[in-house]
Amino acid sequence: MVINDRLFDPFNFRDEFNVRPIFVNDDVIDTIIGQGSADSATPVDYRPKSSAFTVQSSLKTGAAGTDAEIKLVPEEPACFGTLPCIGSLTGSIPADFVPPIVPSFFDHPHVPHHAAAELCAHGVRRGAGARAGVTLTAPAVENNPVQLLPARNSYSSNTRVAQLTSQTLDQYAK
């Protein structure tokens, strides 16, 4: 699988992040913290699901009225491109925990660089294929083999499979 990331050159947005032609879930991994009962494991899920990064949890539910103490280890995962690449949620939440946003997205570890976004995209696509019953023989994590892409600007109009035309500003304003 090859991801064509040459739609446009990356550019900096408000000195916050680089906008790139390939990203998955805005280059964040959402952790979804469920409601648990006192003295039990707290249900945790995450998205997007990818073989490039998984989330494990030892988060516990404590007594109602206690403080939430949630930590992601490592805070900025640097393991993208190697397996296993795992982020761990640790700490505790009170039994009466009310998530800050519904559903409860708590931590958003940013995918740290462009190659990681490609790896995550490969992993998400691989997982979606497996759930649809498609057998893939490619490695779970691999670098994007951009050398296999045709030359820039060599696509003819009859090979186009999709095109997105944005609404005009006045249409958005309605």
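How many bridges join β8 to β9, and in which sense do the two strands run? Five bridges join β8 to β9, and the strands run antiparallel. Two strands count as paired if DSSP finds at least two bridges between them.

**Basis of the model**

This is a predicted model, in which local features need pLDDT of at least 70 and side-chain atom pairs count only at pLDDT 80 or more, while totals for chains, interfaces and linings use all residues. Residues are numbered from 1 along each chain as its sequence is written, and side-chain values use heavy atoms, with hydrogens and water left out.

The predictor's confidence in each residue is given by pLDDT, from 0 to 100. The protein chain has an average pLDDT of 76, and 76% of its residues score at least 70. Confidence is highest in strand β7 (residues 60–62), at a mean of 91, and lowest in helix α1 (residues 114–131), at 62. Residues 102–108 have a pLDDT below 50, yet this stretch has 24 contacts in the model beyond near neighbours in sequence. A contact means heavy atoms within 4.5 Å. Where pLDDT is low, the predicted coordinates should not be read in detail.

**Overall make-up**

The protein chain holds nine strands and two helices. Their order from the N terminus is β-β-β-β-β-β-β-β-β-α-α. Helices (H or I, at least four residues) and strands (E, at least two) are DSSP runs, numbered from the N terminus.

Of the 174 residues in the protein chain, 31% are buried. Buried means under 20% relative accessible area, exposed means over 50%, and partly exposed lies in between (1.4 Å probe, protein chains only). The chain exposes about 11200 Å², of which carbon and sulfur atoms supply 55%. Accessible areas come from the Shrake-Rupley method with a 1.4 Å probe; for residues, only the protein chains shown count as cover. Among contacts between residues at least 6 apart in sequence, 65% join residues at least 24 apart.

**Strand pairing**

| Strands | Sense | Bridges |
|---|---|---|
| β3 and β5 | antiparallel | four bridges |
| β6 and β9 | parallel | four bridges |
| β7 and β9 | parallel | three bridges |
| β8 and β9 | antiparallel | five bridges |

Valine 55 stands opposite glycine 87 in β9, lysine 60 stands opposite serine 92, and leucine 72 stands opposite leucine 89.

Strand β3 (residues 30–33) is covered on both faces: Asp30 and Ile32 are buried on one side, and Thr31 and Ile33 are buried on the other. In a regular strand the side chains alternate between the two faces of the sheet. The bridge partner of isoleucine 33 in β5 is valine 44.

**Leucine 59**

Leucine 59 lies in the loop between β6 (54–57) and β7. With a relative accessible area of 1%, leucine 59 is buried. Not counting residues up to four places away in sequence, leucine 59 touches several residues, including Ile33, Val44, Ile70 and Leu89. Leucine 59 and leucine 89 are 30 residues apart in sequence, while their C-alpha atoms are 6.0 Å apart in space.

**Prolines and cis bonds**

The peptide bond that joins valine 73 and proline 74 is cis, with omega about -10 degrees. Proline 74 is partly exposed, at a relative accessible area of 35%. From C-alpha to C-alpha, proline 74 and glycine 87 are 6.2 Å apart, and in sequence they are 13 residues apart.

Proline 48 sits in the loop between β5 and β6. The peptide bond from arginine 47 to proline 48 is also cis, with omega near 0 degrees.

**Positive phi angles**

Arginine 14, in the loop between β1 (11–13) and β2 (17–19), has a positive phi near 55 degrees although it is not a glycine. Arginine 14 is exposed, with a relative accessible area of 62%. Aspartate 39, in the loop between β3 and β4 (40–41), has a positive phi of about 60 degrees and is likewise not a glycine. At 75% relative accessibility, aspartate 39 counts as exposed.

**A charge over a ring**

The charged end of lysine 49 sits over the ring of tyrosine 46, 4.0 Å from its centre. This label requires NZ of Lys or CZ of Arg within 6 Å of the ring centre and within 35 degrees of the ring normal.
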